[in-house]
Amino acid sequence: MHEQVIYSARGLAKEYQSNRIVISVLKGIDLDIRRGEILSIVGHSGVGKSTLLNLLGLLDTPTSGTLHYRPRNVGNDQVDLARLSLKARARIRNQEFGFVFQFYHLLPDLSLIENVLLPAMILHGRAAYRARRKELEAKASDLLDRVGILARRDFSPNQLSGGERQRAAIARALLNDPQLVFCDEPTGNLDSVTGERIHNLILDLQKTLNVSFVLVTHDERLARLAHRRLLMQDGVFVPQAESIRSRP
Amino acid sequence: MAAHSRSSPPLFPYYELHLSLKYLRSRFSSIAALLSVTFGVAVIWIVLSIMGGYIIVLRETIRGQESHLTIYGSAPFSVAHILQLEELIRSVKNVRGTAPFIETLAMYKSGQLNPCQLRGIHPRRELEVSEIGRYVLRPEELERVLPEIEATGKDSGDGDKAKARSPVVSIDSILRSENRKPLEPGELERFFEPEFTAKILQEHNPRTLRALGNTVPPAVIVGVQFLIERKMFLGQVVEIGTVKPEQQGPMEQRFAHESFVVVGAFKTGDYDFDSRSIFVHVDFLKNMLELFDARSNSYRYEGIRVSVDDFDRVNDTRKELEAILLPVAPWLRVITWEDLKGNILTAVLIEKFVIYFLLVLLMSFTGCMVLLMLLLTVIEKTRDMGVLLALGATPSGVVRIFLINGLLLVSVGTLLGLGIGYLFCLYINPIHDWIHSVTGLRLFPPEIYHMDRIPISFQSGDVLLSIAPPLFLGFFSSLIPAFWASRRDPIKAIHHA
Ligand SMILES: Nc1ncnc2c1ncn2[C@@H]1O[C@H](COP(=O)(O)OP(=O)(O)O)[C@@H](O)[C@H]1O
Ligand SMILES: [Mg+2]
């Protein structure tokens, strides 16, 4: 079932200009992401992994190259993401994508459950949110339960350990039933035992929810979980590094 | 799966206001900025309300002392043929009443000689042209407050002036009570009848009455400050001396003096007036000053006070009076009370707006507080913005969080300021009395401001003037950080610690 390509990038390039110097970070990336797969991207620090995730996650625009995305339920049409308005791109980030960051990035002013509910607060207007509050909170609680920190639902993020925060961040990424979750070094800030738990959690979620994960990581063990693994060097993927594995 | 339908995005997503409120509540700096708005609004409103009240009370006291219109001659004591003139004046429409008067500087003896203003009035007619019926105390009213007056002035040597001047509160409550009617003509005339003078002497100064025998001196009604400051007492016989205006011969022969009996008191609330003015019957004063003019075979007066029915048309009436009087007596001048005291009102009004302008300048400090506080929030929350963008917020939505933040802060601060200002104004006099009792300071000295309570007037225009600067400043102070926020690079912030 994970044969269908939901996201394809062709010839992605990204240049940064600081003062007069142009730094070419990505130099023609070709990439297909298939439904329900775990794809890992490895590479040295500063090679442009985060930059690539920003482009794929519609947080930034490429200097050149194309992005085509197949939304979950709009027929089977591919959408040329370059043509979308600012609002439509925000819409896709909100409903189709999830993000998990190395430093969790829970908002410290909100409780844990509110953090998980944030994508719904963005999706709905005030009236609609209020009307559906019970249902949404049940869903958020369910996700917190799945990631194993339901008991902390009303805690402030500051009261949690790093592993617990990352679990909450994963629950947040999943609230709006995304098709694709981008994780930028999700275990980069965790000890190995906690990292292991996060790995298992991602594997588990991928199986039960049929969500695709793109994992940018330094962590060899995390990279080995993936169905496919891409090595990035000098702004391109090194072809021989792509290793297609069967599902673990 | 409903979440994936292509519905249009909500106009006001839930997170904007929600986060805005969270940011506001969790920060001390936002409370400080809010309080500075509150404080600014409250101060502006209090100041405007006091100035407004001051102008109104000043206008009322002035109008109470000065009649609507006054007719003067070219020199003091030069208005003769008073009966004919009054008849002419009363023929003009809108004129309600007329009363002749004489005013002169005098000295009274109370230990040493002190200056005073001797005001000769026609009691019955004066009631028609001035507010005298509202501020002269009826005999029984005076009896009621006399113990308090005596207590107030008790230990007032020269050293304790502030205490001697402290207001006698129950006089105000009597004079300003809703159902007090102004004195009837008969009531005011009675003060000047010898029987009444004898009665006062009988009750308050029997020994002197016995010494005087059958004839009692003429009566005077004095400003209440004479009694409070213990320069005089009820039933006292005071000597008052002045100078006859027109007499040949050396100065010392022009001196005229008389004994009078203090039979009553009044309180206008204008400290200066109440501590210097003494009312005497005009018929007595004109003889004392020897104002009979043989040439015209009539008495000469200082002038004629005129009251009108419709005060708004007072300037028209003045023109009509001039048209009718000047042909027969070109030396007369017709003056409205605003001519006499109007520049005081204008000065106070200008002062009100100068102070307002200064306060608004100070308010820009508040604007800076709001600006700084929002800039801090933006700096602190840049990463939150990156997260929100990643989770699907639009850049404009993120900017709106800060805009709402600023506007909420400013409007809540403004409302609070109005509330606090209002309460402060309501209780300003108790607060002032309390400050006085604790520190001995009088922030609003009655002798300077011509009134002994701090007056307050709430005017809707002042509300606007109070809330416009903070709202305006607050709006711009919110816009700048909000747009600055939109120019920062929140995406960079989310990939770093
Ligand atoms: N906004 C930016 N402006 C200029 N250079 C940038 C910017 N973002 C990233 N870079 C540069 O791009 C390169 C790749 O960065 P990044 O994608 O974060 O690497 P990785 O995530 O693989 O460690 C780095 O050299 C970094 O300095
Ligand atoms: Mg990175």
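Modeller: The discussion below moves from the interface to the ligand site, the sheets and the salt bridges. Please keep in mind that this is a predicted model.

Biologist: How do you know how many residues of chain A and of chain B belong to the contact?

Modeller: Contact requires heavy atoms within 4.5 Å. By that criterion the contact takes 40 residues from chain A and 38 residues from chain B. The area buried between the two chains is about 3500 Å², and carbon and sulfur atoms give 62% of that area. On the chain A side, Asp109(A), Ile122(A) and Arg126(A) lose the most area to chain B, together 19% of what that side buries.

Biologist: Which helices of chain A supply at least two residues each to the side that touches chain B?

Modeller: They are H1 (49–56), H2 (86–95), H3 (112–123) and H4 (126–131) of chain A. The largest share, 7 residues, comes from H2(A). By class, this side of chain A has 18 nonpolar, 9 polar and 13 charged residues.

Biologist: Why is the site of ligand 1 called shared between chains?

Modeller: The site is shared because residues from chains A and B surround ligand 1. Chain A contributes residues including Tyr16(A), Val25(A), His44(A), Lys49(A) and Ser50(A), while Lys492(B) comes from chain B.

Biologist: What makes Gly46(A), Gly48(A) and Thr51(A) polar contacts of ligand 1?

Modeller: The limit for a pair of N or O atoms is 3.5 Å. A polar backbone atom of Gly46(A) is 2.7 Å from an oxygen atom of ligand 1, and for a polar backbone atom of Gly48(A) the distance is 3.0 Å. Thr51(A) places a polar side-chain atom 2.5 Å from a ligand oxygen. Each distance is within 3.5 Å, and therefore each pair qualifies.

Biologist: Why are S2 and S5 of chain A said to stand at the edges of their sheet?

Modeller: The open sheet has 4 strands in the order S2-S1-S4-S5 (chain A), with antiparallel pairing. Strands S2 (21–34) and S5 (79–80) of chain A each have a single partner strand, so one side of each is left without a neighbour in the sheet.

Biologist: How do you know that S1 and S2 of chain A pair?

Modeller: Pairing needs at least two bridges. S1 (residues 5–18) and S2(A) have 11 bridges in the antiparallel sense, so they count as paired. Within this pairing, Leu31(A) in S2(A) is the bridge partner of Ala9(A).

Biologist: What makes the pair Arg124(B) and Glu189(B) a salt bridge, and which helices does the pair link?

Modeller: The N to O distance between their side chains is 3.0 Å, within the 4 Å limit, so the term applies. The pair links distant parts of the chain, 65 residues apart: Arg124(B) lies in H4 (residues 123–129) of chain B and Glu189(B) in H9 (residues 185–190) of chain B. Over all chains, the structure holds 32 salt bridges.

How values were computed. Residues are numbered from 1 along each chain as its sequence is written. Chains are lettered from A and ligands numbered from 1 in the order in which they are written. This is a predicted model: local features need pLDDT of at least 70, side-chain atom pairs count only at pLDDT 80 or more; totals for chains, interfaces and linings use all residues. Side-chain values use heavy atoms; hydrogens and water are left out. Buried area is the accessible area (1.4 Å probe) that two parts lose on being put together, summed over both. Ala, Val, Leu, Ile, Met, Phe, Trp, Tyr, Cys and Pro count as nonpolar, Asp, Glu, Lys and Arg as charged, and the others, Gly among them, as polar. A residue is near a molecule or strand if one of its heavy atoms lies within 4 Å of it. A polar contact is a pair of N or O atoms within 3.5 Å; within protein, one must be able to donate a hydrogen and the other to accept it, and residues adjacent in sequence count only if both atoms are side-chain atoms.
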